[in-house]
Amino acid sequence: MNQQTQFYRDTWAEINLDHITYNVKSMKKHVGEDTEVFAVVKANAYGHGDIEVAKTALNAGATRLAVATLDEALALRKKGADAPILVLGYSRPENAGFAAANNISLTVFQADWLEKAKTFVKEELNIHVKFDSGMGRIGIRKHEEWTKLNEQLEQNQVFKLEGAFTHFATADEMETGYYEEQLQKFNEMIGWMKEKPKYIHASNSAAGLRFFQSHFNAVRYGISMYGLTPSPDIVAVLPFQLKEAFALHTKLVHVKKLNKGEKVSYGATYEAKEEEWIGTLPIGYADGWIRKLSTQEVLVNGERVPIVGRICMDQCMIKLPSELPVGTQVTLIGKQEQTEISVNEIAKTLETINYEVTCQVSNRVPRVYTKGGNETSVRNGLL
């Protein structure tokens, strides 16, 4: 392992940047030249690493970045990202000046917000107006709300209306009725605007992949940029194959033989039924490999083997097919030989969605980046 990728534990997440490049280029080709792709890198790029993914996505054809909070946007600026960034969530009005000074666009949906923010903004601030067409989180819902907000925009030239957007609640479901209702409502809402902003965007990954009628002139590419389908339901209707970018690996740090009747881990819930070889892995629930995964299998030498006993904060144990040497690589997510454990499989075990799986892998797990088959960089997670 080269100096650039040095870290001090035998557990790491491996991010394939070539797969992210492929996924972005494929989406860019799918939506066409007239539609821009905003790369969504919120939540540390869904656990993949914000600046590494951001640079890769921009090089692959994305034009802008999107995050959830102003803190995330400013962190990207400190790490060298110079592309335009949109904050999709709420920001405090008293912090609007920081956004303006750093070429960060903010989401706005309250007239009172603009009234408060104007005293803190010394240079032009780009804003995107959020319309709530049926998601029920944040956004303008009524025409009179837009009228009041627009009056503030007209009275305060320091604000520049750069975009208008909404978010679909069910674009990842096969039943399209509610999506169609939201799209109709959003079209009505943007009809309230006498002058249209530069960007109108409604499609997340699911809608971007499936519905050309809601592309407008930009799509927000989130979960599928990382090679993950927005939901298992729509796998069969994807316009191109996605390439999963996230893998999670560790190594055996201890191997021992248990006799029949000997027990493993907290609560002594696992008991050897015969002589068994047990391996210890340096990963646990503090790393995001949570206790509910105690029924999950992992890969050793291309073979599936079970986790045994309860997962601890920093370690867990697996049943080995035979005695294996300390240092043997174990794959928790990813491929070994011809066998694969996908993020979706882990999500199924956890009875959750794939988004949560990669997001919950904690920052103390180093991220190693591969491109062209070579390791490129690592983040130790000590932010």
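Predicted model: local features only at pLDDT ≥ 70, side-chain atom pairs only at ≥ 80, totals over all residues.
Gly47 itself sits in the loop that runs between α2 (42-46) and α3 (50-60), and it counts as buried because its relative accessible area is 2%, where buried means under 20%. If you want a further reference point while you turn the model, take Ser342, which is 295 residues away from Gly47 along the chain, with 15 Å separating the two C-alpha atoms.

Now to the overall picture. The chain is made up of 11 helices and 21 strands, and its C-alpha trace extends over about 80 × 45 × 40 Å along the principal axes. Of the 383 residues, 54% are buried, and if we consider the contacts between residues at least 6 apart in sequence, 66% of them join residues at least 24 apart. The accessible surface comes to about 17,500 Å², with carbon and sulfur atoms accounting for 47% of it.

A second residue to look at is His30, which belongs to helix α1 (residues 17-31). Is His30 buried or exposed? With a relative accessibility of 16%, His30 falls under the 20% cut-off and therefore counts as buried. Beyond its neighbours within four places in sequence, His30 is in contact with Gly208, Leu209, Phe212, His215, Pro239 and Phe240.

Let me turn to the charges. The chain carries 44 positive and 47 negative side chains, and the centres of these two sets lie 2 Å apart. The structure holds 13 salt bridges, and I will go through a few of them.

In one of them, the side chains of Glu94 and Arg92 meet at 3.8 Å, N to O; Glu94 is partly exposed at 38% relative accessibility, and Arg92 is likewise classed as partly exposed, at 48%.

Another salt bridge joins Glu115 to Lys118, with 3.2 Å between the closest N and O atoms. Here Glu115 has a relative accessible area of 36% and is partly exposed, while Lys118, at 30% relative accessibility, is also counted as partly exposed.

Then there is the salt bridge between the side chains of Glu275 and Lys257, at 3.8 Å, N to O. This pair links distant parts of the chain, since Glu275 is in the loop between β13 (270-271) and β14 (276-281), whereas Lys257 is in strand β11 (residues 254-258), 18 residues apart. Glu275 counts as exposed because its relative accessibility is 54%, over the 50% cut-off, whereas Lys257, at 42%, is partly exposed.

Notes: Residues numbered from 1 in each chain as written. Heavy atoms only, no water. Helix = DSSP H or I, 4+ residues; strand = E, 2+ residues; numbered from the N terminus. Buried < 20%, exposed > 50% of the residue type's maximum accessible area, 1.4 Å probe, protein only. Contact = heavy atoms within 4.5 Å. Areas by Shrake-Rupley, 256 points an atom, 1.4 Å probe, with all protein chains shown as cover. Lys, Arg positive; Asp, Glu negative; His and termini not counted. Charge placed at Lys NZ, Arg CZ, Asp CG, Glu CD. Salt bridge = Lys/Arg side-chain N within 4 Å of Asp/Glu carboxyl O.
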